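Hello,

Here is the structure I promised to pass on. Please open it first, then read my notes below.

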Amino acid sequence: MRFILLTILSVLLVVFLGPIASFWVVMIGIGLLSALIFPNSFGAFMGGALGMGLGWVGLSIYIGLTTASPLPDRMGELMGLGSGMTLVAATGVLGFLLGGFSALSGVLFRKMIRPVPQNVYKG
Amino acid sequence: MKYVSFFLTLAVSVALAILVSRPIGQIPPLAPLLDPNHGFWQNSYSEDQIAKEELSLENLSAPVEVVYDENLIPHIFAQNEQDLYRAQGYVTAQHRLWQMEFQTLAAAGRISEIVGSRALELDRMTRRKGLAYGADLGLKFLEENDPETLALVEAYADGVNQYIDQLSDARLPVEYKILNYRPEHWSAYKSLLLLKYMSDMLVGDRDLEYTNLRKILGEAGLNKLFPEFPKENDPVIEAERVWDFTPLAVTKPDSLSYPDHMLAMNPLNQPIDGTGSNNWAVAGKKTKNGNPILANDPHLSLNLPSLWYSMQLSTPEHSVKGATLPGALGVISGFNQHIAWGVTNATKDARDWYKITFQDESRKAYRYGNEWKPSQFRIEEIKIKGEEAFLDTVVYTHYGPVVYDQSFRSDRADVNFALKWTVHEGSNEQKTFILMNKAKNHSDYNLALDNYSAPAQNFVFASKSGDIAMRIQGKFPLKWREQGKFFMDGADPRMEWQGYIPFDQNPSTLNPERGFVSSANQHPVDPSYPYYVFDNSYEHYRNRRINRRLREMEQITVDDMKALQFDDFNLQASEALPVLIKLLGSAQAGSPEAEKYLGELSSWDFFADPNQKAQTLYSIWFAETAESIWRELRSTDLPIVTPNSYQTIDLMASSPSDSVFDMKSTEALEGADYHVKVGLDSLISIMNKWVAEEGDYSWANYKRTTIQHLVPDFKPFSVGNVYTGGGSGIVNATGSRHGASWRMVVELGNEIQAFGVYPGGQSGNPGSRFYDNFISTWANGEYLNFNLRTPDQQEGVLFKTTFN
């Protein structure tokens, strides 16, 4: 559940915070979200990764569809990647990595500062 | 453990974020580029998708309205000129910011800052030619003499800067994102620099080559192969013109000695062959509706973003429309409610070279007559991306900068040459266009032109009141015969220019009897003109074709003028092909290919239409023949020019057994026919290769017209293989890389009818649908409606923006 919540909130962050802030601010935001929601490490990584990755893929496809611009194909050719679709994939992979590691950092940070339980009955 | 895993992950995240925010070699920072919210994806929007109804522009005295028509052509309605040019700056920057800045960086010799050391040689050359030095002087001239114009140029710069200051990452032109830099502020200086850059593009000289030719061929040989007037001269100003002024005296020194060197230097870049233009105006007595019609098509490199940007600029006093140069104020080629004007390049050797004899190695002084004159040093700091700056010391003499010296393009340490060029003098071209935009009649046009120095242009004119005119305007040095054709000795004061031709003695004509005026970069005048006129690159074909057509046409309509701009008739081929075939005689190389090609050639109508195969065959055959004829002349390592096509064809036709055709390296005595056969053999082998590799050799497929992005490496931003006819020396002068960069036809009736088109689009953004949308219209010889608009006109509006 927490993983799904993190994914959805990360996508929203990309869509609403993204336009007014740099990508690294979004990364910090995903890290904070992840620390707050606190899924397990694997869930955090996948949640942040899918959130930012899907957010970026979704936005680039949305822009491509609403503008019908030749630019993605031209950029793909310029960068030696062939078509615009390859660039969508590259954008997604980059978002995936950035989001995943941000979220994982967030959750590990919370784990690190979580107070070690005291007075636990040790038997 | 938990500390280790957190810090490790954090380190990976930060490292990743840093890695993708920094350039790696030539690869730009990936995350800012790919981020869909800020990166290149955002450049996918066309201008109408991100249009705003209101924008804030400070320092305006009243709101300014901008109406974009369906082609994204802005029509700016302002209450006064200050507001008008401020808005022009803002609007132009919205669509063409990267291009404006890139062109001025090129003009300032600063390309290395963006692309690294591979542009260093280019930047050094630009700086050594002194373009920035000329712009400095231009700015000083405005400060001292013309504060009104300066205020307008500064208003324009302010408009550009207000745009830059509010520019978000998302809206930053994609070229900045790829090349990873940001725009800096615009300034009045940059607008002036841009106009100097036009001079550089359009002005050449062949002093170095002629100096060498003079040594190789001798005086007589040179005059035979390079006569200063062609047999059939059809000049810009009609030959019948009577010069009704008393010319200034020019005294030629009695004994002349030229620097006695064979010069193996690497010459400066010259304007590309085929850079030229056409313009003409026909009087009402020759037109169907009785109104004058004016046409202009400047030929320049075909680039994207296009060199031109169309606009209408209106105040309550005037409304002008046409082609602007992004970075310069006003319309450069266009019309208003009263007049229309256009430009073609008026080539005339305006750059001269002087040999400088320095006193010693410090180069602090140089010989001038009996004295030593002190020189000045200008240290050019060329910043290089990713490397240390390069310092280039350029010595300035009173003639101008010493371009060639031991550190630049010369293999001889003892040879120094200074460049004297009208561009290095304070001048006020910008004022010409500001005044011309408001001109109402022929005398306003003349007043506007009185401010114009360089690059010299043939300004065509027509007015609603029925006048047509042509004036060749520029600052032309007063020269004795052959002065400046060769390198001169700078130590000899007698070699100085003796002043300038007074502007009112520059060649001009008003309402000539023949009912039309025209120019196509040919000789400006008939030999009766009292001043010395020389250039290596005069046109010999387009001018004669245009004038022939205009002489025979009556009842002319706008459509006739459009057709003439798009005329593909190859006059050179019509004169040369019969000579080639005659010289080939019965010795036709009996192969089946030769038969086939000669068959195609002999049934050709001489039109270089895109589907014509014979045009391809002719162009190769003639080029190979000329190459063979001048091969021995070219075989020295010295830079030279070869005789032009017109002269070559004339020699082949009139004296085919002349000694120029004999190959000195063979025993036998060759004539022109020998070279024609060599040319045909080359044609066959070139065609065999082409047919095997490419197949179709129709003209459009062979010449491959390409509209190239200003950064040639950005191939996907270029448009290649444009299907269109024409070629160098043809009225439709569209070659593979240059051609009609703007076409305009204006009929000056009660209601002005105007048409225009250029190979590109209004947007400089390769992601916009307005980036290259005019190209197919242009390639088909069609036009867009360019009629003046009023602010309340409703039809064909894309969107409107109000500046408050």
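**What I found**

The C-alpha centres of domain 1 of chain B and domain 2 of chain B lie 49 Å apart. Domain 1 covers 2-200 and domain 2 covers 571-693; such bounds come from an automatic or database domain assignment.

Some ground rules. This is a predicted model: local features need pLDDT of at least 70, side-chain atom pairs count only at pLDDT 80 or more, and totals for chains, interfaces and linings use all residues. Residues are numbered from 1 along each chain as its sequence is written, while chains are lettered from A and ligands numbered from 1 in the order in which they are written.

Now the interface. 31 residues of chain A are in contact with 29 residues of chain B (contact: C-beta atoms, placed from the backbone, within 7 Å). On the chain A side, α5(A) gives the most, with 13 residues. Helices here are DSSP runs of H or I, at least four residues, numbered from the N terminus.

Next, the cores. A nonpolar core is a set of buried Ala, Val, Leu, Ile, Met, Phe, Trp, Tyr and Cys residues joined through C-beta atoms within 7 Å. Buried means that 20 or more other C-beta atoms lie within 10 Å of a residue's own, all placed from the backbone. The largest core has 174 residues. B:Ala281 and B:Phe461 are among those with the most contacts inside it. Helix α3 of chain B (residues 81-107) gives the most to this core, with 13 residues. Apart from it lies another core of 43 residues, including A:Met52 and B:Leu33.

Best wishes

Definitions and conventions
Contact = placed C-beta atoms within 7 Å. Helix = DSSP H or I, 4+ residues; strand = E, 2+ residues; numbered from the N terminus. Buried ≥ 20, exposed ≤ 12 C-beta atoms within 10 Å, placed from the backbone.
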